[in-house]
Amino acid sequence: LAYQGKYDEARSHFEQILDKHPQALNVRLVYADLLSWMSLYQESTKQYDMILETDPYNQGALIGLGHLKSMQGDFGSAEVYYNSALSGHQNVEGPLLEIGNLKLWQRQWGKAVGYYKKVLGINHKNRLAQRGLEDASWLSSPIITFLSGYFEDTRAYKRYWAGGQIEDNNGDNVVVRITYLNWSFSEPESPPLSRNDLSIALLYHIGRSLEGSSSLSALAFSSQDVSLSVRWASSLMATPVRSLRLYFSYGREPYMENLAVTRANYFFDIGGVGLDWELRKWLSTQLSYNKSWLNGKYSLGYYDPGIKNWITLSTYQDRSIKNEASVQISGRILSNPEICLKDKYLTTDYRAIGDVPYWTPSNLQQHITAIDIVKTIHSRLKLGVECRSIYTQNVKELGFGISGTFLYRLKGILQTDLSISYDKVHVNVPWEGLGGSIAFSLRL
């Protein structure tokens, strides 16, 4: 019953058995595991403690308490329990595997590799250790990626990109990522344009509850107006408790007309906050708010050939503001395959101050309902599909979208990512249309 997800019914059966046979330690152990699956951590801890009162070296109870501590983010106590499960027992395969998993969750990938190898030295057929070793080896090694993609939005603006990325882990807590992308843009009644992007990013972890990123990009345009521009961004994610994640971001981007032409002396400042709160194991909510400020200066005047200089008549400053907010509820109704229902409300308010053209529609409200299905096959292949309806409230039009993903990793050496999406809407919303991308990653 428990494996079928009928937790309450299974719990009732266990309680009836334990009322009659309170010394049935194996039954109590499975009952304690069940309570932990139900997120009843205090009750589960009580059952494990009752087992240890009778059998202080019960390996299953010690591993169970280690699980509880790790789920609560207390990795130090979890490791103490796992090490206790090692001492005095001939069967050390299980505790070693759990310590390996613990090191993997803590991003201590080199140590995780060592523990998984110990497990495989005892039992070379242990599939969980094999997969853990593949994951830890992948995460702790330099990765080179080749990627390309295409997108055509609702206004027939086309974008192509191709390039490469190399990623290296400078220790367990810092990742260095260097990326090069070549972009080609085309739009109706305009000549094609191109852009070359070179960026460096640092991804870092601070303790157990903080992780962030910082990036700097140089953008070289084929436009005659501006040849080079710079983009930077930073973000921080805090996990004060296991069920709550908080997001903060800030950055600056050059102003680009039609996603291809940049304008001199114009830039966006973009700031955002968000949260992801797991209300239950099967229910979560996501909130986000982003604010963009467009800052720019331009001058009106004429060129005087007599003095060979530009005569400025007046100088103007533009400052436009865009506010984006969204709220989403996500509910998981199955675990394998994982099926999630999502309901999202998105609003965008754009206020133009000055005469700067911008393609985001003003006062946009969208209601998006989606079903997301993900199936993992043999731990190396992951397939996903999402179907969604998109209702644009302010124009009372209904659109739809579908996307698919394919991920395959070959023995922790080569990984292939493929994605494709299509959205049919009747308003000029950027990045809604037909697109796809493919990436091949190789572990060096």
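The buried residues of helix α4 are Q59, A61, L62, I63, G64, L65, G66, L68, S70 and M71, where buried means under 20% relative accessible area with a 1.4 Å probe, counting protein chains only. Helices are DSSP runs of H or I with at least four residues, numbered from the N terminus. This is a predicted model, in which local features need pLDDT of at least 70, side-chain atom pairs count only at pLDDT 80 or more, and totals for chains, interfaces and linings use all residues. Residues are numbered from 1 along each chain as its sequence is written, and side-chain values use heavy atoms, without hydrogens and water.

Helix α4 is mostly covered, with 10 of its 13 residues buried. Those buried residues pack against α2, α3, α5 and α6. At the N-terminal end, N58 caps α4. After the helix comes G73, whose phi is positive.

| Feature of α4 | Value |
|---|---|
| Distance between end C-alpha atoms | 18 Å |
| N58 side-chain oxygen to G60 backbone nitrogen | 3.2 Å |
| Phi of G73 | near 85° |

The largest nonpolar core has 30 residues, and Y48 and A61 are among those with the most contacts inside it. Such a core is a set of buried Ala, Val, Leu, Ile, Met, Phe, Trp, Tyr and Cys residues joined through side-chain atoms within 4.5 Å. Helix α7 gives the most to this core, with seven residues. Beyond four places in sequence, Y48 is in contact (heavy atoms within 4.5 Å) with residues including A61, G64, L65 and L68.

How values were computed:
Buried < 20%, exposed > 50% of the residue type's maximum accessible area, 1.4 Å probe, protein only. Helix = DSSP H or I, 4+ residues; strand = E, 2+ residues; numbered from the N terminus. Expected span 1.5 Å × (residues − 1). Polar contact = N/O pair within 3.5 Å; in protein donor to acceptor, adjacent residues only side chain to side chain.
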